[in-house]
Structure formats: C-alpha cells, structure tokens
Amino acid sequence: MTTTLKVEQLNYRRNLKKILTNVSLTLSGNKIVGLLGENGAGKTTLMRLIAGVAKNASGTISINDETDPATRKSLISYSNPLGGMASNKRISEIKAFYQQVYPDFDEQKYDQMISFLKLDETQRLSALSKGTREKFVISLTLARQTSVYLLDEPFSGIDSMSRKKIINSIIQWKPVDSLMIISDHYVSEIAPILDEIVVIKDNTVAVHKAADVIREESGQSIEDYYESLYGEADSND
Amino acid sequence: MEFDDKVPIYYQIKTVIYDQIIAGQLAPGDKLPAVRQLAVSLTVNVNTVQRALREMIDEGVIISQRGKGNFVTDNADIVEQLKEKLINRYLKQFYDRLHRLKISNQQIIDEVTAYIERQGDLNDNNAES
C-alpha cells in the first residue's frame, strides 16, 4: 500500500503569532518531497505537527487515514537531532536505546548504513563532527521501518562529502513504498532526488509541484524557480 | 553524475543510457543494472529512474522481462534508428546555430572538414604521447 499524508485546514499559533495558516496538503505515494522555505517560514513547525510532537493546532492531519497522534507517531520516523542525549553517550549506547524504544528498528539495515557511512560505534556523541553526527542521525532515522520519514534540514552546515554520502544513503535505504519529506532552505543540493517540492511562504503552502514539471514548464532549475517566488522586493537577507 | 537542473532529470537519464547504447558500452541484449543501483550510481530518485525506464520501454529500446530485469533490445534496427535520431538532433542544433549566423552551407562544410582534420592531428598526437 502506498502512503498518503493528508493535512487539512491546519492553523497554528504560538504566543498569538500566526505560524501556519490554512495549510492543506496531500502527499501520496512513494515519493521524496522537498519542503522548502526561508528560515522561520514554519517548516519545522509543520514537521513537528505532522509527527505529533507539537500539539494544539486546529485542523486535521492523517496518515493512511489515521488521525490519532499516538498512532501517527508509530507510522513516522522523524529525524531527531539527539539534543536530549547526554553527550558522553557512545553511538552504540544510543543505538541500543533506539532499538529498545522502537520495535520497528531494523538492526541489519542499521549495520549496513553505519558501515557504508564509516561510523565508529565506540565514539561518544560529543566527539562527533557535525557531518558525522548527521550521518548517525540519518542512520537511526532510516533504520526504522515506517510509512513516513521526516528529515529536518539534514544538510545544514555539513561538508559536501558528507552530504553526498547522506544523499546516497537516502536513495539506497528509503523503503520503496514510503513517503519521505526533507526540509531545506538550499534546494540545489537535493534537487535531483526530489519528486515534488512544497514551498511554505507567508505562513502557508505557496506551491506544491512535481520537480520535473517545473523543469519542463519553466525551463528553470528548481533553485531558480524557488527564488523567483520571492522576487527582489521582499528579500530580507 | 552531474545533471543540468533546468532539464527534466528523467530525460537526462534517458540520454545517458541511450548514449551508452549507441557508443556500444551497453551492447544489444545486455542487462541494465537494477533500478535502485542505477539510482545510486546516478544520484537520482528511484521514481525518476523508473519513469526514464518506462519511456525507454515504450520506445522499444529497452525490453522488460518480468522477474528477470531490463535488457537492451537485440533488434539492431531499433538501435540504428536511435543512432540516426541522435545524429540528426545534434546536427540540427549545430546547423541551426551556424545558419542563424548567416554562414553559408559551403563555408559550414569547409569549416567542419578543417576542424575534423585539426582534431585528427590532435588525437594522433595524444596517441603518440
């Protein structure tokens, strides 16, 4: 069965500030979808709401028709930056913890990934470089067998070699009939692996299109197309 | 593999594979790598590889055998047609550009002949060194 994620009329405020307004989105099939938008656009909030980590939004979110947040959580593997882990923990200890908490953790797949990514299981979290830490996060996230994978900015601030390795791991180990959402504010590095893009702008979904349709219709690269949505007038860099 | 992000990726995958067939790197009857393997080696999405394969199957250049995989056709006529089509496409681009610059047909022929001769020299030199 192919996965369907449905978000309907989602509204979310924090401290009286609108974060997301009237977000409706249907993602179906076995795709890799890029969730794009400027810093602070609400990408992470949307991911947290989908994952059931953030609460108190109005509207509905369902995965394969399941709306209950606890059920949804079990269908989603959400990349966790490991902020809650003590920094003196070893990779092997954190992996053991994941294995215990998540019954869908596939150890064989995990082992393949860490050997491909050349992770040393005896290393402590505090000793990992940013790129290595992200490789570890990706291994943990993809080792779970779920319907939906949410990767929150897996490429921010890491070197190009690590990035390539991570992209390769995604292609190799994403289960065929799962849906993957990757958020990023640089699109060029992941454009070739995206089926579709969703752009969050002005608190809502501004665009939802297939990547090859954009290339075909506009003759533009995904990055140029994405930038053209902003224009020069309201650039606030 | 570097793709031009302005051109649909499935189309570029087709071009890569068709080029390999015409250049003989993929021979008639050869088996293509598995879809995921192709996706990894080209650094593209599995779905995009599948779309490219579907089109190549529709065009008769790739034959899909259920349970066995995808193979390059062993029909030499189809490969020959593919080659003709590609040659014509590249010639058209090349000719149209020069034609737009108001270069006469004769001059185009002369320039091409001279260019090929120079290239031949270059290749010979490279072969010797």
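This section describes the salt bridges and the nonpolar cores of a predicted model.

Across all chains, 13 salt bridges were counted. One of them joins the side chains of R144(A) and D104(A), with an N to O distance of 2.9 Å. R144(A) is located in the loop between helix 5 (130-143) and strand 6 (148-152) of chain A, and D104(A) in the loop between helix 3 (91-101) and helix 4 (107-116) of that chain, so the bridge ties together parts that are 40 residues apart in sequence. R144(A) and D104(A) are both buried.

Another salt bridge in chain A pairs E189(A) with R163(A), whose closest N and O atoms are 3.1 Å apart. Here E189(A) belongs to the loop between strand 7 (179-184) and strand 8 (196-201), whereas R163(A) is part of helix 6 (residues 160-173); the pair therefore ties together parts that are 26 residues apart in sequence. E189(A) has a relative accessibility of 18% and counts as buried, because the limit for that class is under 20%. R163(A), with a relative accessible area of 22%, is partly exposed.

In chain B, the side chains of K14(B) and E55(B) form a salt bridge at 3.0 Å, N to O. K14(B) lies in helix 1 (residues 9-22) and E55(B) in helix 3 (residues 46-58) of chain B, so this contact ties together parts that are 41 residues apart in sequence. K14(B) is buried, its relative accessible area being 8%, while E55(B) is partly exposed at 23%. Both residues also belong to a network of salt bridges that links K14(B), R51(B), E55(B) and E59(B).

Turning to the nonpolar residues, side chains of this kind tend to be buried together in soluble globular proteins. The largest nonpolar core of the model contains 70 residues. The members that touch the most other members are L82(A), F136(A), I170(A), I182(A), I13(B) and I21(B).

For I170(A), when residues up to four places away in sequence are not counted, the residues touched are I32(A), L142(A), L151(A), F155(A), M180(A), I182(A) and I193(A). I182(A) is itself among the core residues that touch the most other members. Another core, of 28 residues, lies apart from the largest one and includes L25(A), L27(A), A54(A) and L75(A).

Methods: Residues are numbered from 1 along each chain as its sequence is written. Chains are lettered from A and ligands numbered from 1 in the order in which they are written. This is a predicted model: local features need pLDDT of at least 70, side-chain atom pairs count only at pLDDT 80 or more; totals for chains, interfaces and linings use all residues. Side-chain values use heavy atoms; hydrogens and water are left out. A salt bridge is a side-chain nitrogen of Lys or Arg within 4 Å of a carboxyl oxygen of Asp or Glu. Helices (H or I, at least four residues) and strands (E, at least two) are DSSP runs, numbered from the N terminus. Buried means under 20% relative accessible area, exposed over 50%, partly exposed in between (1.4 Å probe, protein chains only). A nonpolar core is a set of buried Ala, Val, Leu, Ile, Met, Phe, Trp, Tyr and Cys residues joined through side-chain atoms within 4.5 Å. Contact means heavy atoms within 4.5 Å.
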